[in-house]
Amino acid sequence: MKLWDKGFSTDKKIDHFTVGNDRELDLVLAKYDVIASKAHAKMLGKVGLLTEDEAKELTKGLDEIAKDIEKGKFTIENDFEDMHSKIEFMLTEKLGDTGKKIHSARSRNDQVLVAMQLYLKDELTEIKNQVKELFDLLMKLAEKHKSVLLPGYTHLQIAMPSSFGLWFSAYAESLIDDLYFVQAAHKVADQNPLGSAAGYGSSFPIDRSFTTQEMGFDTLKFNVVAAQMGRGKAEKATAFGISSVAATLSKMAMDICLYMSQNFDFISFPNELTTGSSIMPHKKNPDVFELIRAKCNKIQAVPNQLILITNNLPSGYHRDLQLVKEVIVPALQDMHACIEMLTFSLKEIRVNKTILEDPKYDYLFSVDTLNELVKSGMPFRDAYKTMGKAIENGNFKPKRDIEHSHEGSLGNLCLEEIKKKMDAVFD
């Protein structure tokens with residue numbers, strides 16, 4: 001059953017190669033094809049291409065298919081090429097010739113476009129909400145542990161005093177930047193492409209503004225060629241959005257793996273959040289965080305994959321575009337899982353409150369001790385040399401009662417200001 005069936009069959013090898021794993025991926029997208037088909041059917045009734053009764057019958061039939069999808073009963077057998085052909089078959093089986101009319105004034109191209117963009121809008125909204133949940137947790141942890149000092153590193157060498165308040169809220173504020181990218185991707189996807197048909201519009205008097213409003217798009221992708229060229233672009237924008245989130249999560253996962261090791265011993269987690277070794281009974285491995293790191297690094301490769309698939313295509317539709325689906329859908333699923341698992345695990349994090357009692361961290365305070373000399377009137381460069389000699393000669397005595405008061409420092413985390421920035425994202 002193919003929408004383009006003209007009475008001849010395709011070689012089985014060609015059929016298998018061209019369909020690929022579309023049937024599996026379309027089970028994710030079928031819900032959105034139904035939403036778009038309902039809007040299309042109502043529009044066909046509005047402009048007189050369907051009778052009022054036909055439009056109602058199609059809408060009712062699509063509602064029943066939507067219920068099957070929600071219950072997990074919808075399947076796409078090998079007899080069907082994709083979700084579109086299966087849904088149209090179900091409508092025709094139930095409604096006869098009326099079911100065959102659903103495809104008037106549209107092409108499979110704009111069906112895929114609109115279903116994918118509806119899907120991306122939902123996915124990006126869910127990711128945004130998940131990120132906000134993680135942000136709230138990080139801010140709560142920053143407030144709770146704001147007074148617990150933590151070694152800061154540059155070049156993986158002991159550098160200056162930091163704190164768990166700084167560490168947690170650093171990742172929280174970084175997530176705000178990531179959501180700017182996510183929002184940009186949502187804006188790209190939030191343009192209705194339905195009605196572009198095969199990419200050059202239709203001679204039918206369709207009402208594209210009606211379907212835009214019916215499906216909840218912010219605006220219309222007006223130019224029909226531009227609408228078709230949006231295929232791959234919305235996915236690529238989404239990939240950049242989630243890759244930004246993934247970069248933040250990957251970096252934090254790496255920090256956690258380091259900080260959990262016995263050489264650092266800054267943090268720990270309950271046994272049930274770690275894994276063991278098959279031969280070393282003492283091991284408590286950070287497998288969850290290692291997998292978050294790896295999966296997020298994979299996600300950061302997705303924009304490049306999509307660029308390589310789409311970068312030299314001329315305008316118009318090309319079958320290459322089918323492959324963007326198999327790249328972006330699993331990436332979004334991995335993104336959801338990584339945010340969920342990091343949030344779930346961080347709720348149980350345990351912080352070591354006595355890290356800086358170890359003498360090896362005395363040098364963390366060299367800059368603050370040097371600054372005291374500057375405050376007393378000594379030129380900075382002279383104070384730097386004086387402190388360097390004291391360290392070299394073993395005479396360094398750290399000033400541990402540090403005072404950092406400027407905005408964003410460990411003594412002034414500006415948590416309320418960071419929260420306002422996140423609130424503005426959601427406003």
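Asp 358 has 30% relative accessibility, so it counts as partly exposed. Keep in mind that this is a predicted model.

**Salt bridges**

Asp 358 has a partner: its side chain meets that of Lys 360 in a salt bridge, at 2.9 Å from N to O. Lys 360 is partly exposed too, because its relative accessible area is 43%. As for the background, side chains of opposite charge can pair when their charged atoms come close. Across the whole structure, a search turns up 22 salt bridges. Here are three of them, with the N to O distance for each.

| Pair | N to O distance |
|---|---|
| Lys 101 and Glu 54 | 2.6 Å |
| Asp 358 and Lys 360 | 2.9 Å |
| Lys 100 and Asp 97 | 3.5 Å |

Which parts of the chain does the pair of Lys 101 and Glu 54 link? The salt bridge between the side chains of Lys 101 and Glu 54 has an N to O distance of 2.6 Å. This pair ties together distant parts of the chain, 47 residues apart: Lys 101 sits in the loop between helix H5 (97–100) and helix H6 (108–144), while Glu 54 belongs to helix H3 (residues 52–71). Is Glu 54 buried or exposed? With a relative accessibility of 13%, Glu 54 counts as buried. Lys 101, on the other hand, is partly exposed, with a relative accessible area of 32%.

Lys 100 bridges to Asp 97, and their closest N and O atoms are 3.5 Å apart. These two are three residues apart in helix H5, so about one helical turn separates them.

Some salt bridges join up into a network, as with Glu 81, Asp 82 and Arg 108.

**Pockets and cavities**

Now for the empty space. Rolling a probe the size of a water molecule over the atoms shows where such space is left.

The largest pocket holds about 310 Å³ of space. Its lining has 15 residues, and those nearest the centre are Met 260, Ser 261, Gln 262, Ile 267 and Lys 284. Helix H10 (233–260) and strand E5 (267–268) are the elements that give two or more residues to this lining. By class, the lining splits into five nonpolar, seven polar and three charged residues.

The second largest pocket has about 220 Å³ of space. Thirteen residues line it, with Met 229, Arg 231, Thr 310, Leu 313 and Leu 321 nearest its centre. Helix H9 (224–229) and H10 each contribute at least two lining residues. Here the classes are four nonpolar, six polar and three charged.

As for cavities, a search of the whole structure finds three of 30 Å³ or more. The largest cavity comes to about 70 Å³. Among the residues lining the largest cavity are Gln 117, Val 188, Pro 193, Lys 221 and Ala 234. The lining of this cavity divides into four nonpolar, three polar and two charged residues.

**A nonpolar patch**

Back on the surface, Val 374, Phe 380 and Tyr 384 make up a nonpolar patch, with about 280 Å² of accessible area together. Val 374 lies in helix H14 (residues 366–375). Its relative accessibility is 31%, so Val 374 counts as partly exposed.

Note on methods:
Residues are numbered from 1 along each chain as its sequence is written. This is a predicted model: local features need pLDDT of at least 70, side-chain atom pairs count only at pLDDT 80 or more; totals for chains, interfaces and linings use all residues. Side-chain values use heavy atoms; hydrogens and water are left out. Patches are made of residues with over 30% relative accessible area and no salt bridge: like charges are joined within 9 Å, nonpolar side chains (Val, Leu, Ile, Met, Phe, Trp, Tyr) within 5 Å. Accessible areas come from the Shrake-Rupley method with a 1.4 Å probe; for residues, only the protein chains shown count as cover. A salt bridge is a side-chain nitrogen of Lys or Arg within 4 Å of a carboxyl oxygen of Asp or Glu. Helices (H or I, at least four residues) and strands (E, at least two) are DSSP runs, numbered from the N terminus. Buried means under 20% relative accessible area, exposed over 50%, partly exposed in between (1.4 Å probe, protein chains only). On a 1 Å grid over the protein atoms alone, a cavity is a set of points where a 1.4 Å probe fits but cannot get out, and a pocket is an open set with protein on both sides within 12 Å along at least five of seven lines; lining residues have an atom within 4 Å of a point. Grid points are joined across faces, edges and corners, and a volume is the space filled by probe spheres set on the points. Ala, Val, Leu, Ile, Met, Phe, Trp, Tyr, Cys and Pro count as nonpolar, Asp, Glu, Lys and Arg as charged, and the others, Gly among them, as polar.
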